[in-house]
Amino acid sequence: MRRESFDDIYLDLSKQPGKCRLAESGLGWKPAGGQTFTLDKADMTSAQWSRAARGHELKIYARQAGVVQLDGFRQDDYNTVQKCFKVWYGHELVQKEHALRGWNWGKGEMGRNELTFNVRNQPAFEIPYTEISNTNLAGKNEVAVEFSLPSNEEDTGTNGHLGGARAKGKKMGGAVDQLTEMRFYIPGTEMRKNKKKSGDEDGSDADEGGAENEENAANLFYEALMDKAEIGEVAGDTYATFLDILHLTPRGRFDIDLYEKSFRLRGKTYDYKISYDSAKRFFILPKPDDMHQLLCIGLDPPLRQGQTRYPFIVMQFKRDEEVNIELNMTEEDLKNKYAGKLQARYEQPIGTVIAKIFHGLTNKKLFQPSHDFSSHHQQSGVKCSIKANEGHLYCLDRAFLFVPKPATYISFDHISVITMSRVGGAVSASRTFDITVTLKNGAGEHQFSNINREEQVPLENFFKIKNLKTKNEMDVDNAMLAAALSGNPDLASSDEEEEVVGAARGSGGEDEDESVDEDFQADSDSDVAEEFDSDAKSEGSGSDEEMEDAPGGGAGGGSDGEDTAAMVERPKKKAKTGK
C-alpha cells in the first residue's frame, strides 16, 4: 500500500504535533501517545493549501467532519500533497493566498462550513461555524458573533488522549489567548427574495408585485448566520414555549424555547442559546413581597452580553398567574426518556411549571430556601444591598444567594467568618446593620449592608444552626452607647468628636444651643459681613498655620472655608465688571 508521511503536523490548532499520513484510502494523523484521527477519502469534498501560523496549512472540507485543518507543512511538501489528492482522492488542491493589506472592510461570504471575510476577493480570515456559540444584533447595523469558550483550562479538546480538537467549539481552546467575540458593521439594505408559496402555480412573475422586499443588510446577515451556525430553532423540536417572560438579570423580556438538550432566550435585541450542560444549579425562591417568585439558573460558563458576564439568569413571575400548557412530546418519549419526571399537561402557576419542566429535562435538583430560617416578617429573604444595588439575601441549606444584581452565590464551605457590624451615623446605625462574609484562603469578602435591625436575631440563630463562625461587633457598640447614656465620665472626657463639634459651633459656655441661637439671630448686617470677611481673609492667605487655628480646622474645615471664600469673592468681581 502506497503512502506518504509528514512529521511535526498540528491538527486543528492542537498543542502537540503528530505524524500525518496520506494513503489511497484516506488520511490519518497520530500524536505521540494519543489516539489516531482518520478521514476517509469518500468524506472529502475539497481541499486548499495556504500559508498559516506554523508554516503551510492543508485545509480539507469534509461532509461529516466539517473543516479539518493540518498545519506545519513545508513549502516543498506541496507537490507531493497535490499529487496525492489528485491521483488518490480525485480532488484538486487549490492554492489560496490570504489578503495581507490590513484592511478591516471587505465582504462576508457564507460557505457550507465556514464564514469567510474576503478583501479584494482574497480571504482575510475564516471562521468555522462550529466555533460560533451565539450571534446577536448589537445595533441597527452591527452584528456580534460570540465564540465557544472552554469551561475550564483542561477542556480544550487538544489535550490528553484526543490529541487534536475533536469536539465542537474546542479548536481555539488550546491557545494561550482566545478570541471571544467579533463584531461586523454592515451598513445599507439588501433585497430579500420571498419564498414561493406551495399554492402558487405560476412562479414566472415572482420578481414582480412585491416579490422582493428591501431589508436591513445586518438583519439578513444575522438571520443567515443563525441558520448556518445552527443557532435557534434548528436545534430540534420545541418541547414548550413561554412568551414575554420578565428577566431581572439580564434585564429585559425574553421568550423561552425549551428543547431536548438546550433552551433559548429570544429578546428584541439579544438572542441566547444555552446548553443544559451549562446550567449547573436551579433555584426557586419566593419573593418577600408575597406577590412574585424568582427562578434563578446558575451558568458555567457565564452568559455573555458584550463585555458583561452573567453567571446567573434571574426570572420573575407572578404567583397567582397560572398557565395551561401541553408539552410537544410523544407518549413514548414521556414514558421512556422522562419516566415520571415530566407530565403531558400542566395547569399551575407559570413559575412552578417552568421550574418543573427544567427539572425534568435536566434531571437537576431545584434548590429552595432553608426551613431553618424565617425572617422577622416570616419571609425567606432578607432585604439588603451590595454597594448601591438593592436586593434580597436568601439563606439556603448550604449557601447564601443574593439576587437579582449582582447575583452572588456563597457556599458555606468557603466561609471563614461572618462579621456583624454597624456602619454609619447614630440614626442609621440604630436601625440597620451590615454583614461581612470573609472567605477562606484570602479569597476576598462580600458585604451585605442596610439590613433591618429586626433581622439580627433570626440571622444569628441561623448561623448557629449551620455552625458558621460569627463575630458580632455590635455588642461592643452597644456597651459604649450604654456607658455614654449612664454618664460615664471617662467615656465622656474621651469623646473628642463632641469637643470638635462644640468648637466648630463657637460654643463658649455650657449651653451650646443658646450660644448658637444668639449668633444666628444677630440682626446687624455689619456683624455678619465682618464674620464672612475674616473667614475669607484667613483662607485667602493660604497659610497652613491659619487654617489649623481656624474653628473646625483641618481637612474638613479648610474645604468649607474655601467654598465660603469663593462665594464671597465672586459677587465682588461681577460688581466691578458691571461698573
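Reader: What share of the 579 residues of the chain count as buried?
Author: This is a predicted model. Buried means under 20% relative accessible area. Of the 579 residues, the share that counts as buried is 40%.

Reader: How many helices and strands does the chain have?
Author: Both kinds of element occur in this predicted chain. The count is 13 helices and 34 strands.

Reader: Among contacts with a separation of 6 or more, what percentage comes from residues 24 or more positions apart?
Author: A contact here means heavy atoms within 4.5 Å. Take the contacts in the chain with a separation of 6 or more. Residues 24 or more positions apart account for 49% of them.

Reader: Is Ser421 buried or exposed?
Author: Ser421 sits in strand β31, residues 415-421. Leaving aside neighbours within four places in sequence, Ser421 touches Phe433, Asp434, Glu473 and Met474. Its relative accessible area is 9%, so Ser421 is buried.

Reader: How far apart in sequence are the parts tied together by Glu126 and Lys59?
Author: The side chains of Glu126 and Lys59 form a salt bridge, 3.4 Å from N to O. Glu126 lies in strand β11 (residues 122-128) and Lys59 in strand β6 (residues 55-62), so the pair ties together parts that are 67 residues apart.

Reader: What is the relative accessible area of Lys59?
Author: The cut-off for buried is under 20%. Lys59 is buried because its relative accessible area is 3%.

Reader: Which strands does the pair Asp255 and Arg266 tie together?
Author: The two side chains, Asp255 and Arg266, meet in a salt bridge at 3.6 Å, N to O. Asp255 lies in residues 252-258 and Arg266 in residues 262-266, so the strands tied together are β18 and β19.

Reader: Where do Asp372 and Lys466 lie?
Author: The closest N and O atoms of this salt bridge between Asp372 and Lys466 are 3.3 Å apart. The pair ties together parts that are 94 residues apart in sequence, because Asp372 lies in the loop between β26 and β27 and Lys466 in the loop between α6 (456-465) and β34 (470-472).

Reader: Which residues gather in the patch of negative charge, and is Glu347 buried or exposed?
Author: The surface patch holds Asp320, Glu321, Glu322 and Glu347. Glu347 lies in strand β25, residues 345-349. Its relative accessibility is 56%, so Glu347 counts as exposed.

Reader: What is omega for the cis peptide bond that joins Val403 and Pro404?
Author: Most peptide bonds are trans. Pro404 lies in the loop between β29 (399-403) and β30 (408-411). For the cis bond from Val403 to Pro404, omega is about 10°.

Reader: What is phi of Lys387?
Author: Most residues other than glycine have a negative phi. Lys387 lies in the loop between β27 and β28 (389-395). At 77% relative accessibility, Lys387 counts as exposed. Lys387 is not a glycine, yet its phi is positive, about 60°.

Technical notes:
Residues are numbered from 1 along each chain as its sequence is written. This is a predicted model: local features need pLDDT of at least 70, side-chain atom pairs count only at pLDDT 80 or more; totals for chains, interfaces and linings use all residues. Side-chain values use heavy atoms; hydrogens and water are left out. Patches are made of residues with over 30% relative accessible area and no salt bridge: like charges are joined within 9 Å, nonpolar side chains (Val, Leu, Ile, Met, Phe, Trp, Tyr) within 5 Å. Accessible areas come from the Shrake-Rupley method with a 1.4 Å probe; for residues, only the protein chains shown count as cover. A salt bridge is a side-chain nitrogen of Lys or Arg within 4 Å of a carboxyl oxygen of Asp or Glu. Lys and Arg count as positive and Asp and Glu as negative; His and the chain ends are not counted. The place of a charge is taken as NZ of Lys, CZ of Arg, CG of Asp or CD of Glu. Helices (H or I, at least four residues) and strands (E, at least two) are DSSP runs, numbered from the N terminus. Buried means under 20% relative accessible area, exposed over 50%, partly exposed in between (1.4 Å probe, protein chains only).
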